[in-house]
Amino acid sequence: MRNGATRRVVDWGHLGFLAFIGGVVLTYLFDARAVSLKINNLLLVQPAAIIALVLIACVLPQCFKRRSLDDGRMTSDARARENDPAIDPDAAGQRRGLIKVAALAALLGIFTYFLEAIGFDVATFLFMAFGLVLCGERKWWVVLLFSAAFTLFVVYGYSTLVPYPFPMRIL
């Protein structure tokens with residue numbers, strides 16, 4: 001049983017972002033289907049689009065949250081905490097999250113820049129290893145094992161599906 005009244009709050013930023021991603025996925029899928037309905041054309045596009053739309057549908061309910069009402073009004077302290085990031089204890093966590101996202105984006109740029117110079121396999125392994133460490137994994141054996149397994153899966157999967165010969169150093 002709930003004590004007090006609640007109201008549903010819509011997180012418009014996340015809802016708009018999900019709508020944008022869904023729109024891009026549907027546009028790309030419809031464009032690919034308009035070109036050709038042959039299996040060679042849709043082998044990767046259609047399953048990836050369906051998976052993306054299912055994932056969007058799974059995340060969509062999180063855009064609608066329940067908030068409790070304090071007799072229909074917020075106290076001045078609660079209003080100050082909600083509007084002032086310096087008072088909000090979660091603001092530091094949000095800043096750390098943004099820094100991690102920026103670092104991962106920079107890491108992706110470094111990955112693509114050195115892809116042909118050091119090889120697709122080595123670049124993928126290093127990207128995964130540094131990405132895992134950046135995201136908080138501290139067990140070295142997990143980093144090495146997961147990076148190696150992911151690299152094998154991606155390199156062999158990519159070389160099977162796409163005939164473009166990326167330079168390899170080890171595999």
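Relative accessible area under 20% is termed buried, over 50% exposed and in between partly exposed (1.4 Å probe, protein chains only). The model is predicted, so local features require pLDDT of at least 70 and side-chain atom pairs pLDDT 80 or more, whereas totals for chains, interfaces and linings use all residues. Residues are numbered from 1 along each chain as its sequence is written, and side-chain values use heavy atoms, with hydrogens and water left out.

View 1. Phe150 is partly exposed at a relative accessible area of 31%, and Phe146 is partly exposed at 41%. The two residues lie four apart in helix α8 (residues 140-161) and are therefore separated by about one helical turn; helices are DSSP runs (H or I, at least four residues) numbered from the N terminus. Four aromatic pairs are found in the whole structure, a pair being rings of Phe, Tyr or Trp (its six-membered ring) with centres within 6.5 Å, and planes under 30 degrees apart counting as stacked, over 60 as edge-to-face and the rest as tilted. The ring centres of Phe146 and Phe150 are 6.3 Å apart and their planes stand at 20°, so the pair is stacked.

**View 2. Edge-to-face pair of Tyr113 and Phe114.** The ring centres are 5.0 Å apart and the planes stand at 90°, so this pair is edge-to-face. Tyr113 is exposed, at 67% relative accessibility, whereas Phe114 is partly exposed, at 37%.

**View 3. Contact of helices α7 and α8.** The axes of α7 (residues 120-134) and α8 come within 9 Å and cross at roughly 140°; axes are lines fitted to C-alpha atoms over the stretch in contact, with angles from 0 to 180 degrees between N-to-C directions. The helices are therefore oblique to each other, given that angles under 35 degrees count as roughly parallel, over 145 as roughly antiparallel, 65 to 115 as roughly perpendicular and the rest as oblique. In contact (heavy atoms within 4.5 Å) are residues including Phe125 and Met128 of α7 and Phe146, Phe150 and Val154 of α8. By class, this contact has 14 nonpolar, three polar and one charged residues.

**View 4. Contact of helices α1 and α3.** Helix α1 (residues 12-35) packs against helix α3 (residues 45-59) at an angle of about 160°, with axes 10 Å apart. The two helices are therefore roughly antiparallel. Among the residues that meet are Leu18, Ile21 and Val25 of α1 and Ala49, Leu53 and Ile56 of α3.

Key
Nonpolar A, V, L, I, M, F, W, Y, C, P; charged D, E, K, R; others polar.
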